[in-house]
Amino acid sequence: MRTRLFALAAALAALSCSSGTGDEAPRPASVEPASGLSTRATRVTIHGDGFLTRPSTKLSGGGAAVDVRHRAWLGEVELEQVAWVDVHTLQATVPAGLAPGSKRLVVENALGRQGALDGAFEVEGAAPAALSAELEADRASAAVGQAIGVTLTLSNGGGSPAEITEVTPTSAGPATSCGAPAPAPPLTIPAGGAAVLAWSCSASAAGALELTATAAGRDASSGADLSAAPAAPASVTVQLPAALTAAIAAEPATVNVGQPVSVTLTVVNGGQSTASLDAVAPSRGGTAPATCGAPTPAPGALAPGAAATFAWTCTASGPGALSLGGTASGTDALSGGAVSASPAAPATVVVQAPAALSAAIAADRATVTAGQPVALTLTVTNAGGAALEVTSVAPLRSGTAATCGPADPAASAAAPVAIAGGSAATFRWSCTPTAPGTATFGAAVAGVDANSRAALQGAAAPQASVTVDAGGTLSVAAFTATPASAGVGQAIAVSLTLANGAAIAADVAAIAPDMPGASPGCGAVSPAPPVSLAAGGAQAFTWSCTASTPGDYALGAAVTSTPAPDVQPASIAVAVLPAARLAPAAVEVATATISTGQVLPASLLLRNEGGAVATVTEVAPGASTAAATCSAASPATPQAIAGGGSLAFQWTCTGVAAGAVDLTAAVSASDAGSGADASPAITAATITVQTAPAISAGLVRDRPAVQVGTPVTLTLALQNGGEAGARVTQVAPTYNAGGNISCTAASPAAPVDLAGGGAAVFTWTCTPHRALTFTLGATVTAADVNGGPSPTVTVPTVTVDGTP
């Protein structure tokens with residue numbers, strides 16, 4: 001305040017000292033700043049002299065006042081907010097909108113006097129709008145179909161407003177759809193200002209997505225076109241959403257009531273986004289009531305391509321079918337969308353009641369004579385639902401002495417006999433009492449439950465009792481059939497031996513052989529009954545049986561005698577196989593082209609498609625023309641080939657003349673049992689025999705004599721007079737006189753192929769080192785390309801004189 005009062009005082013002093021109007025006029029000297037933009041107001045300071053104030057008297061009395069009011073113009077436009085600072089300084093505002101160019105300043109002081117300064121201020125035209133763009137996405141990765149937020153910031157770094165008329169989002173990569181930017185153009189961005197536009201895009205496929213945009217408009221001052229695009233696109237990795245599949249397994253597939261079932265649910269994420277699993281829910285159905293535990297481990301994040309396995313147990317309280325499933329559910333870690341998976345089909349488990357073992361035994365007769373066998377039958381019944389595995393059947397006896405054979409079929413822990421639930425199995429053996437009295441027979445049975453592996457025990461109840469007397473009887477000592485497997489029409493030799501254990505002679509009145517279902521069946525018995533067997537004697541009876549149709553048959557015989565036999569012969573199982581038949585076969589060779597003199601291995605694989613044995617009586621190799629000769633086949637005939645089996649025969653054939661030839665074999669075979677023909681059709685192998693390569697050679701020199709140190713050129717011409725190609729593997733120049741001459745390698749370098757009838761030329765040089773006569777030649781090695789014997793090549797020699 002004090003400073004301003006001093007300034008006013010000085011101004012009044014200056015006014016009081018002025019003596020004329022010229023001294024009272026303002027004298028502007030400069031404007032700071034000296035220039036400004038026409039588009040905005042500019043605050044300036046005016047420097048100079050004569051910025052005088054005018055004293056005035058207040059009307060109400062009370063002292064004097066000072067009028068400091070000044071005015072200023074640039075051209076025709078008056079400046080705003082003109083403020084007096086002192087007699088040398090004014091401040092003012094240049095308003096916006098002045099026409100560009102140099103302006104004359106006029107200042108009027110408080111006395112009304114004016115002063116001017118030409119070119120005092122330069123009004124500059126507006127700087128053009130300068131548009132730039134920056135784009136960013138709200139995420140670096142997204143799921144297919146997930147919205148991606150996009151923000152475009154448009155900045156105007158110029159001096160003029162920018163009018164935005166169009167903003168166009170674009171993308172590169174997978175197919176993408178984008179919404180309209182908001183706020184929607186047109187919009188104006190002032191000089192130095194910015195505008196933010198936003199929209200969203202979503203991709204319909206996975207891949208690397210690049211998002212960008214272009215903005216277009218014009219300069220609000222000049223009307224010039226404007227455009228801007230981000231320097232770099234926003235990159236977003238678009239991934240397939242999490243895709244869950246599930247597979248379920250349960251074991252064992254068959255259990256008993258109360259036996260736990262282990263269940264596993266394997267969940268695989270086949271997508272490209274992580275799945276956040278939050279629940280695994282077991283499910284069950286079917287007719288068997290059951291309860292299930294909680295799955296482990298707890299669900300969590302499942303990475304792309306990864307799998308997780310969840311396990312739990314279920315236990316059924318009743319029999320029936322149990323269907324087990326489960327559902328894994330959660331969210332896509334990228335999109336937040338729900339994901340879930342269940343198996344395409346449930347795991348099915350059969351729930352059964354435990355196996356229940358019981359046994360009953362029966363003897364084939366109530367009274368026997370000592371030494372006469374008793375046939376025993378044990379029926380083991382499984383009254384439960386689960387299968388029973390019988391691991392042991394131990395015959396038992398008590399009472400009079402007897403010997404017993406093993407139970408048939410045999411049962412062991414390694415090879416148990418399985419009995420399904422609700423079924424039974426029969427075990428048979430025989431016991432022979434050796435003394436009179438009462439023999440009691442039974443059996444102890446052991447096994448396991450096939451589902452739970454629980455041990456089960458049982459015994460035959462009640463036991464079978466047999467009265468044994470001391471007398472004898474007629475019995476079957478042996479009943480056999482050979483062979484046990486025969487071909488159609490092949491005779492099966494049957495032998496029945498009867499033993500008379502009675503104290504008197506036994507009369508065999510008739511023996512009726514039997515082969516049910518077979519045709520023609522069985523022949524006559526020899527010796528033909530009636531036949532008398534002395535006390536303690538035995539007699540063998542024989543016959544043969546034949547079947548014309550393959551199949552399984554039973555051989556039996558009914559014996560009529562006095563006394564009656566203790567038991568009829570037990571039937572014998574035999575198999576009649578399909579007739580032997582050798583399949584069509586082809587002669588096989590390693591190559592289809594050979595040379596004369598070349599040995600070619602040949603083979604023939606014979607395969608028996610029938611069931612009976614085939615006897616190969618002849619394999620005779622042969623050739624269709626005189627172009628080849630063949631050796632005998634190995635192995636030598638006759639040879640047997642079992643049903644379904646095969647046998648290979650080998651031999652060699654040698655090319656003897658050029659031409660095409662069929663290599664074949666005459667094969668004769670028959671059914672080993674019936675003698676029926678079983679010979680196969682044979683397909684020949686066609687080969688071509690070429691005359692072996694025959695190489696002739698000619699050697700020439702380019703001069704007969706050369707000076708020492710001067711090379712002589714040698715030319716070797718080879719001609720293949722055969723049909724088969726030859727491969728020249730070596731051409732080695734030869735010479736005498738040791739180190740007195742040297743030769744280069746032949747050109748071209750080996751190997752070189754000579755086609756049948758073809759030729760080749762080789763050259764090299766030899767340089768004498770002394771004045772001598774030299775004998776020059778070459779060693780040629782070649783091979784038959786067909787694999788036949790290597791041809792011999794004889795090269796003539798030439799002489800060359802070395803002169804001083």
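Let's start with D49 and R27. Their side chains meet in a salt bridge, 2.8 Å from N to O. This is a predicted model, so keep that in mind throughout.

D49 has 27% relative accessibility and counts as partly exposed. R27 comes to 40%, and it counts as partly exposed too. The cut-offs explain that: buried means under 20%, exposed means over 50%, and partly exposed lies in between.

Next pair. D67 and R54 also meet in a salt bridge, with 3.3 Å from N to O. Again, distant parts of the chain are linked. D67 is in strand β5, residues 64–67, and R54 is in strand β4, residues 54–57. Those two residues are 13 apart. Now look at their surroundings. D67 has a relative accessible area of 10%, so it is buried. R54 has 34%, so it is partly exposed.

Which residues join up into a network here? R54, D67 and R69 are linked by salt bridges.

R607 has 42% relative accessibility, so it counts as partly exposed. E609 has a relative accessible area of 36%, so it is partly exposed as well.

How many salt bridges are there in the whole structure? The search finds 14.

On to charge. The protein chain carries 25 positive side chains and 44 negative ones. The centres of those two sets lie 19 Å apart.

Find the loop between β58, residues 659–671, and β59, residues 682–683. P680 is in that loop. Is P680 buried or exposed? Its relative accessibility is 11%, so it counts as buried. What does P680 touch? Leave out residues up to four places away in sequence, and the list is L582, A583, P584, L606 and V667. For a sense of scale, take D332. D332 is 348 residues from P680 along the chain, and their C-alpha atoms are separated by 69 Å.

Let's zoom out. What is the secondary structure made of? Two helices and 69 strands.

Then the overall dimensions. The C-alpha trace spans about 190 × 120 × 45 Å along its principal axes. A compact globule of 804 residues would have a radius of gyration near 28 Å. This protein chain has 61 Å.

How much of the chain is buried? Of its 804 residues, 38% count as buried.

The accessible surface comes to about 36300 Å². Carbon and sulfur atoms account for 55% of that surface.

Last item: contacts. Take those between residues at least 6 apart in sequence. Of these, 71% join residues at least 24 apart.

Terms used: Residues numbered from 1 in each chain as written. Predicted model: local features only at pLDDT ≥ 70, side-chain atom pairs only at ≥ 80, totals over all residues. Heavy atoms only, no water. Helix = DSSP H or I, 4+ residues; strand = E, 2+ residues; numbered from the N terminus. Rg over C-alpha atoms; globule rule 2.2 N^0.38 Å. Buried < 20%, exposed > 50% of the residue type's maximum accessible area, 1.4 Å probe, protein only. Contact = heavy atoms within 4.5 Å. Areas by Shrake-Rupley, 256 points an atom, 1.4 Å probe, with all protein chains shown as cover. Lys, Arg positive; Asp, Glu negative; His and termini not counted. Charge placed at Lys NZ, Arg CZ, Asp CG, Glu CD. Salt bridge = Lys/Arg side-chain N within 4 Å of Asp/Glu carboxyl O.
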